[in-house]
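Thanks for making the time this morning.

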Amino acid sequence: SSKQNRILRSSVTRQISSLSIPNRHSRRRRGEGRRDVSVHAGVPKRIGIIGSGPAGLSMARALQYLDTGAEEVLVFDRSNALQPNLGGGLQLNGGAAVLAKMGLGKEVKEAGLPVKSILSRTVRGTKLLSLDIQDIASKEPSLMFEGTPMVFTIMRDSLQRLLADSIPSESIVLGKTLVHVSECNDNENGAVKCTFEDGTTKDFDLLIGADGIRSKVKQEVLRHSRKAEYSNIRIQFGVAKGWNRGNDGEIHQWFGDGTYALTAQYRGLNSEPFEMIALVFRDENDNENSNWDTGEVKKMCVDRLKQTNNPQEVVDLAQRCDRFFDVGVYYYPSLQPWTSESGNVVLIGDAAHAMPPFLGQGANQAIQDAYSLASKLADLKKGRFSTVKNALDAYEKQRKIPTTLIQLESRLLGILETAGDSSVSKDTGIVLPGFVRDAFFYATGKLGVAEQVFLKGATPKV
């Protein structure tokens with residue numbers, strides 16, 4: 001209810017306000033044995049970014065597009081190439097609108113496939129809700145660009161290539177695995193030293209961790225942060241070439257006993273058409289390893305679809321997929337710090353706030369993080385902040401409330417979507433019957449709640 005949302009937002013706000021963000025007149029007490037790392041002033045000229053996914057590349061684009069004063073921006077990644085045909089599809093909405101603010105609106109429109117509608121049904125064919133996404137998005141001015149609602153599906157490698165092409169090629173340094181980060185008080189050489197697996201080092205004024213949920217930057221600098229927590233949910237992704245049902249721009253959701261299947265169309269590199277299935281189910285075994293064995297995952301996915309009586313069209317899509325992978329869904333506990341005490345290191349995207357994907361907001365929020373952080377650094381250059389640390393604190397404060405709320409809503413949605421008589425928590429023994437889930441989605445569709453949930457998540461918060 002709206003009352004519950006106000007209570008939740010108020011609680012989150014109070015927790016964030018209590019994080020004791022220091023101002024320029026405050027001093028921190030440091031424990032024995034810790035090095036005195038100064039909160040440095042001035043505009044960071046040399047900025048390093050770890051991770052060349054959508055978060056890291058968006059960060060590089062924002063730093064170079066806005067007037068941040070950065071003279072050197074380098075993106076490092078352990079991969080030897082920006083690999084095509086890796087990963088699955090993404091939904092872009094608020095992130096697409098923010099990319100337009102970075103001068104990439106036309107490129108996104110050309111690369112993405114417009115989402116026309118979302119249709120949710122049970123595996124028996126009962127219609128639960130239907131959303132006209134083009135109509136909904138057109139009501140929010142911040143989601144519009146040149147008369148077009150910025151709501152698309154796109155393959156991850158296509159988005160990665162779009163972003164990489166928007167920055168100088170020399171800004172991307174591949175085949176570099178970060179092994180150590182050290183902060184220092186050295187105004188001449190830089191505030192942060194990165195050491196890589198090949199023995200080389202590089203100094204920066206500011207280091208940005210965009211290296212995902214297993215962030216090495218976070219492990220090195222924010223050592224007391226809690227580890228990612230397992231949600232007891234796994235997802236099996238399958239990717240197939242071509243659009244068997246034509247270009248309809250629909251996202252289909254199918255609810256079965258303890259399972260939720262999503263099927264959608266995407267545009268890939270060079271506008272190549274793809275379809276993807278994502279099968280979501282509960283799994284209490286906390287196995288951190290992803291499974292990229294296409295044959296094994298494909299068999300498990302098809303078997304589970306048949307066991308839960310999914311429609312033949314869903315089974316057929318899974319059977320024609322030539323790429324499959326299986327991942328556990330993890331998230332970071334809310335309200336952990338994203339910035340080092342020194343103000344030399346900061347996190348964005350999944351490194352800061354990994355969240356379940358059930359609202360399709362992971363990439364969107366990462367892009368907004370990048371724009372927000374670059375905007376605060378631009379404000380620093382204009383004299384609106386006295387130190388880099390003040391600018392980073394302002395970024396964290398702006399982004400922490402919306403990402404925390406989306407994370408909480410995504411976790412709840414994951415529990416609901418995998419409801420069913422066979423979906424039992426080993427810890428609590430609680431069973432959430434499938435008819436409760438079905439009634440929930442039917443009611444939210446009829447009452448207009450589903451439309452508001454989509455719009456609230458999609459609307460940019462920067």
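The charged end of Arg214 sits over the ring of Tyr330, 4.7 Å from its centre, where "over" requires CZ of Arg or NZ of Lys within 6 Å of the ring centre and within 35 degrees of the ring normal. For Lys218, the charged end sits over the ring of Tyr332, at 3.3 Å from the ring centre.

A word on provenance: this is a predicted model, in which local features need pLDDT of at least 70 and side-chain atom pairs count only at pLDDT 80 or more, while totals for chains, interfaces and linings use all residues. Residues are numbered from 1 along each chain as its sequence is written, and side-chain values use heavy atoms, with hydrogens and water left out.

Turning to the rings, the structure holds eight aromatic pairs, a pair being Phe, Tyr or Trp rings (for Trp, the six-membered one) with centres within 6.5 Å, called stacked if the planes are under 30 degrees apart, edge-to-face if over 60 and tilted otherwise. One of them is edge-to-face, namely Phe76 with Phe204, at 5.9 Å centre to centre and 70° between the planes. Phe76 counts as buried because its relative accessibility is 4%, with buried meaning under 20% relative accessible area, exposed over 50% and partly exposed in between (1.4 Å probe, protein chains only).

Phe255 and Phe441, by contrast, form a stacked pair, 4.8 Å centre to centre with 20° between the planes. That pair links strand β16 (residues 250-256), which holds Phe255, to helix α13 (residues 434-446), which holds Phe441, across 186 residues. Both Phe255 and Phe441 are buried.

Strand β5 pairs with strand β6 (residues 127-132) in the antiparallel sense over five bridges, pairing being at least two DSSP bridges between two strands. β5 also runs parallel to β16, joined by six bridges, and there Arg121 has Trp254 as its bridge partner.

How values were computed:
Helices (H or I, at least four residues) and strands (E, at least two) are DSSP runs, numbered from the N terminus.
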